[in-house]
Amino acid sequence: MEDTSKLNTSKLGTKEYWDDFYALENSNFKENPGDTGECWFADNDAEEKMIEFLMDNLDQQNIHRDCSMIDLGTGNGHLLFQLHEEGFNGPMMGVDYSEKSVQFAREISESQFPGYENIKFEAADIFDPNWECSAYDVVLDKGTLDAIALSGIKLDGDRSVVDVYPKVVEKLLKKDSVFLITSCNFTQEELIRIVESDSLKVWKTIDYPVFEFGGVKGTTICSIAFVKR
Ligand SMILES: C[S@@+](CC[C@H](N)C(=O)[O-])C[C@H]1O[C@@H](n2cnc3c(N)ncnc32)[C@H](O)[C@@H]1O
C-alpha cells in the first residue's frame, strides 16, 4: 500500500509563499481592520474544537486557565487570540518563520488587545537549532505540520523535516504537558505514526463528522492530543 504520509512538495511548503500571503493579508487588514485574515480549517470548526477540547480538559495534565502555551506556525495568531477571548490568560507565544506573519499578528494584537502583554509573537524557524525556546504546558499546531510536510526539506543531510518534527515538539513540552495538533494532510493513523514515540503518547482525539465514499469511511481532518510522559 502506498505510504501517503510522504507528501509531494508544493509552494505551501515555502517561506516565500507565506511571506507573500501574510503581506497581502496585512494590507487587507490595514484597509479593513475587521478582516484579520484566513482562519485555517474554519470549514471544519477546527479552532473552536481545539479550544473546546482544552476547556473540557481543564485541570487535567498541565492544562489550566493560566498555563503557558505555544502555537507553532501561528500565522495571524487567531488561535491564541480566541483562546484568550475564551478565558485562557497564561503566557502565550506564537512562533512563525514568516516575519510577515509575526508583524501581522503583532498588529492585530495591538489593535484588538491594546496593552495586553501575555500574548507574544516571535519570528523563528522551529527547526533552527539555535532557536532559544522554553518549555510549555501546551503546544499547539493547526495546519503547520501539513505545510512543513509540503516543503520536502531534509535536515542533517537526509532526515526529512517530518521525521525531525516530533523531537522539536518534545523539546518544547514540559513533562505531563499536552501537544494538540490538527491536520488535514495526514490521517489519524499517519499522524500517530509520525508523532508517537517513547515519550510522546496519544492521549485523546477530537471527533469530526465522518464521510463515506466508495465504501471507505474517513474524515477530512483530524486532531490528536499527545502527552509527554
Ligand atoms: C497552514 S498555515 C497555518 C497557520 C495557522 N496555524 C492557522 O491555523 O491559521 C502554516 C504556517 O506554518 C508556518 N511555518 C511553516 N514552516 C515553518 C517553520 N519551519 N517554522 C515556523 N513556522 C513555519 C507558515 O509560515 C504558516 O504560517
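Biologist: With which residue does Lys 167 form a salt bridge?

Modeller: This is a predicted model. The closest N and O atoms of the pair are 3.6 Å apart, and the partner is Glu 170.

Biologist: Is Glu 170 buried or exposed?

Modeller: The cut-off for buried is under 20% relative accessible area. Glu 170 has a relative accessible area of 14%, so the residue is buried.

Biologist: Which residue meets Asp 137 in a salt bridge?

Modeller: Asp 137 lies in strand 4 (residues 136-142) and its partner in strand 7, so the bridge ties together parts that are 37 residues apart in sequence. The N to O distance is 3.2 Å, and the partner is Lys 174.

Biologist: How many salt bridges does the count come to?

Modeller: Among them is the pair Lys 175 and Asp 176, at 3.5 Å from N to O. Lys 15, Asp 19 and Glu 99 are linked in a network of salt bridges. The count comes to seven.

Biologist: What is the relative accessibility of Phe 179?

Modeller: Phe 179 lies in strand 7 (residues 173-183). Beyond four places in sequence, Phe 179 touches residues including Val 139, Tyr 165, Val 195 and Phe 226. Phe 179 counts as buried, because its relative accessibility is 0%.

Key:
Residues numbered from 1 in each chain as written. Predicted model: local features only at pLDDT ≥ 70, side-chain atom pairs only at ≥ 80, totals over all residues. Heavy atoms only, no water. Helix = DSSP H or I, 4+ residues; strand = E, 2+ residues; numbered from the N terminus. Buried < 20%, exposed > 50% of the residue type's maximum accessible area, 1.4 Å probe, protein only. Contact = heavy atoms within 4.5 Å. Salt bridge = Lys/Arg side-chain N within 4 Å of Asp/Glu carboxyl O.
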